Amino acid sequence: MTEFKMNEAELEKVFQKRIDDEQKIEPKDWMPEKYRKNLIRQISQHAHSEVIGMQPEGNWITRAPTLRRKMVLLAKVQDEGGHGLYLYSSAETLGISREEMVEALQTGAAKYASIFNYPTLTWADVGAIGWLVDGAAIVNQISLQRTSYGPYARAMVRVCKEESFHQRQGYESLMVLAFGNAEQKQMAQDALDRWWWPSLMMFGPHDADSAHSSQSMKWKIKRKSNDELRQSFVDQSVPQAEYLGLKIPDSNLKWNEERGHYDFGEIDWDEFLRVINGDGMCNRDRISHHVKVHNEGQWVRDAMRAYEEKKRARELKKSA
């Protein structure tokens, strides 16, 4: 037992040295079990967020105001499904199946971004999601292109490129409203009022209150802390809002010359915990819709398995 512990300790030292030397960890490499589980938690949560995130925007595809807007939104929602696929595939390299991850999502054992439990009430919300939600995602995901696990880092390269398109699409959509008539500008302001604080919650709790941040930073799964990422998002969003002529709903927001950053108010963490734990406005609807569509698609998965089995049987018969 002592020898096993010594060997495990040595393996962990070598592993950490590889991390410190900026080497990528690949699926067949030795890794601590806690590293593997931490990655599965983060990557699957990321994948779930992409897939559940299709719902609030998909709600507006049939009601988009023009054919161009419909085409752009269709392309965006399709991209989100693709992001979920890349990420599920990345997580599968760690020894967990797609079925296990989906079950964890549907039973509530796994989380997804709390922001997607808020409703999209007007067309302006679609623009706000693109600008703020995808903008926050980009701030977080750019650093994930350098995460220590190779498959995750490589998946993030394409995801970030597509999210950049989504952010620009959302901002341009909201710009049309903000520069429109008084009613349209009020729609844009109302969307900003409702989505600003949930967007700040996307980065998670303060670093001191985060259960996983410290270890994730040591293993370079994460490259920047929750609070660093949130500050970057605020700093980039304020001048964008000013250009639109919209007011960020935070009376404590002001430029701090000494820090070189914007100061901003405190997040309602009680709301964050309530939503993340299943008591948001749309939590139940999001999961029930996912379960319904997943069950309706069972015949497709069955057909694919049946085809693969027949294909293998034919190949075995030919080689016999």
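Visitor: Why is arginine 305 called partly exposed?

Guide: A word on the source: this is a predicted model. The relative accessible area of arginine 305 is 39%. Buried means under 20% and exposed over 50%, so a value in between is called partly exposed. Aspartate 302, at 40% relative accessibility, is partly exposed by that rule too.

Visitor: What makes aspartate 302 and arginine 305 a salt bridge?

Guide: Their side chains meet at 3.6 Å, N to O. The cut-off is 4 Å, so a pair at that distance qualifies. Aspartate 302 and arginine 305 are three residues apart in helix H13 (residues 298–319), so about one helical turn separates them. By this rule the structure has 20 salt bridges. Salt bridges with shared partners also join Glu22, Lys220 and Arg223 into one network.

Visitor: What is the N to O distance for aspartate 190 and arginine 194?

Guide: Their side chains meet in a salt bridge at 3.1 Å, N to O. Aspartate 190 and arginine 194 both lie in helix H8 (residues 182–201), four residues apart. Aspartate 190 is partly exposed at 30%, and arginine 194 is partly exposed at 25%.

Visitor: How many aromatic pairs are there, and why is the one between phenylalanine 15 and tyrosine 35 called edge-to-face?

Guide: There are 11 aromatic pairs. For phenylalanine 15 and tyrosine 35 the angle between the planes is 75°, and the centres are 4.8 Å apart. Phenylalanine 15 is in helix H1 (residues 2–20) and tyrosine 35 in helix H2 (residues 33–52), so the pair ties together parts 20 residues apart in sequence.

Visitor: Which parts does the pair of tyrosine 35 and tryptophan 219 tie together?

Guide: The two rings are edge-to-face, 5.5 Å centre to centre with 85° between the planes. Tryptophan 219 lies in the loop between helix H9 (213–218) and helix H10 (226–244), and tyrosine 35 lies in helix H2, so parts 184 residues apart in sequence are tied together. Phe15, Trp30, Tyr35 and Trp219 form one aromatic cluster. Phenylalanine 15 is buried at 3%, tyrosine 35 at 0% and tryptophan 219 at 9%.

Visitor: Why does asparagine 283 count as buried, and what does its side chain reach?

Guide: Its relative accessibility is 7%, and buried means under 20%, so the label follows. Asparagine 283 is in helix H12 (residues 283–296). Its side chain reaches the backbone nitrogen of glycine 280 at 2.7 Å. A polar atom of that side chain also lies 2.8 Å from the backbone oxygen of valine 275.

Conventions
Residues are numbered from 1 along each chain as its sequence is written. This is a predicted model: local features need pLDDT of at least 70, side-chain atom pairs count only at pLDDT 80 or more; totals for chains, interfaces and linings use all residues. Side-chain values use heavy atoms; hydrogens and water are left out. Rings of Phe, Tyr and Trp (its six-membered ring) pair if their centres lie within 6.5 Å; planes under 30 degrees apart count as stacked, over 60 as edge-to-face and the rest as tilted. Helices (H or I, at least four residues) and strands (E, at least two) are DSSP runs, numbered from the N terminus. Buried means under 20% relative accessible area, exposed over 50%, partly exposed in between (1.4 Å probe, protein chains only). A polar contact is a pair of N or O atoms within 3.5 Å; within protein, one must be able to donate a hydrogen and the other to accept it, and residues adjacent in sequence count only if both atoms are side-chain atoms.
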